[in-house]
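Here is a briefing on one protein chain. Look over the sequence and the model first, then read the points below.

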Amino acid sequence: PMVFWAIVLGVIGGAVAVYIRAAMRVAGGVMARFAGQFMLRVLVAGAIVCAVCYFTPNLMFSCEDTIHAIIDDAAQVGIPMLLLMAMLKPLLMAVSFKGGFLGGPIFPSLFSATMLALVVGLLFPNVPTEILVACAGAGVTALVLKAPLTSILLMTVLTRADANLMGLIVVAVVAAMILGMGFQRLAEQRKATQAA
């Protein structure tokens, strides 16, 4: 049964990566309106991030510190808030990057995937937390980094995975890669249709 959950969580992680790409495109389009106005673009991006983080401080920075407290007390945070944070973090990351701020995508991506994995864990409490976090994280990092082997190694080290968990991580990465290839084919078909 845990192989099934590894596939589901890998697909969830892959879906987060697809959502991140879409958020980057949208934020890039919005921030392109400030072409030639670097300071204004940075101020607008900063204001958006500050306003959201004022009301949801768990979304500040890369979230690598706050994620542990949320994992430990996911039931207290609640499903609606977990879903909200999972949706907002990629948008904030996209606004930050396209607004001119520096940073990397790994921890914000892991944060969003973990929030969705915790929702699954609250709905299906029989799935161990380490499987939730490792498999969803492996799925998102495989597509965000476009490096499945690096994702497997990263999640194996971060979760100190044993052989069984490592096998589930591999299954999750394969599921995410299949989802990613499906979305890539759809995008190619769309481009071919528009070109015709």
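Leaving aside neighbours within four places in sequence, which residues is cysteine 63 in contact with? Cysteine 63 is in contact with Asn58, Lys89 and Phe111, where contact means heavy atoms within 4.5 Å.

This is a predicted model: local features need pLDDT of at least 70, side-chain atom pairs count only at pLDDT 80 or more, and totals for chains, interfaces and linings use all residues. Residues are numbered from 1 along each chain as its sequence is written, and side-chain values use heavy atoms, with hydrogens and water left out.

**Overall fold**

- The chain has nine helices and zero strands. Helices (H or I, at least four residues) and strands (E, at least two) are DSSP runs, numbered from the N terminus.
- The chain's radius of gyration is 17 Å, close to the 16 Å that the globule rule gives for 196 residues, so the chain is as compact as a globular protein of that length. The radius is taken over C-alpha atoms, and the rule is 2.2 Å times the number of residues to the power 0.38.
- The C-alpha trace spans about 55 × 45 × 25 Å along its principal axes.
- Take the contacts in the chain with a separation of 6 or more: residues 24 or more positions apart account for 76% of them.

**Surface and charge**

- Of the 196 residues, 42% count as buried. Buried means under 20% relative accessible area, exposed over 50%, and partly exposed in between (1.4 Å probe, protein chains only).
- The accessible surface of the chain comes to about 10,600 Å². Carbon and sulfur atoms hold 70% of that surface. Areas come from the Shrake-Rupley method with a 1.4 Å probe; for residues, only the protein chains shown count as cover.
- There are 11 positive and 7 negative side chains, and the centres of the two sets lie 22 Å apart. Lys and Arg count as positive, Asp and Glu as negative; His and the chain ends are not counted. Each charge is placed at NZ of Lys, CZ of Arg, CG of Asp or CD of Glu.

**Nonpolar core**

- The largest nonpolar core holds 55 residues, and Leu9, Leu82, Phe111, Met115 and Ile169 touch the most other members. Such a core is a set of buried Ala, Val, Leu, Ile, Met, Phe, Trp, Tyr and Cys residues joined through side-chain atoms within 4.5 Å.
- Helices that each supply at least two residues of this core include H1 (2–31), H5 (79–99), H6 (106–123) and H9 (163–195).
- H1 gives the largest share of this core, 11 residues.
- Leucine 82 touches Ile70, Ala74, Val77, Met115, Leu118, Val119 and Leu122, not counting residues up to four places away in sequence.

**Two buried residues**

- Cysteine 63 lies in the loop between H2 and H3. It counts as buried, at 4% relative accessibility.
- Serine 109 sits in helix H6. This serine is buried, at 0% relative accessibility.
- Serine 109 touches Val16, Ile20, Met93, Val140 and Val144, not counting residues up to four places away in sequence.
- Cysteine 63 and serine 109 are 46 residues apart along the chain, and their C-alpha atoms are separated by 9.7 Å.

**Positive phi in loops**

- Lysine 146 is in the loop between H7 and H8. Its phi is near 55 degrees, a positive value in a residue other than glycine. Lysine 146 is exposed, with a relative accessible area of 66%.
- Arginine 160 is in the loop between H8 and H9. Its phi is positive, about 50 degrees, although arginine 160 is not a glycine. Arginine 160 counts as exposed, at 77% relative accessibility.
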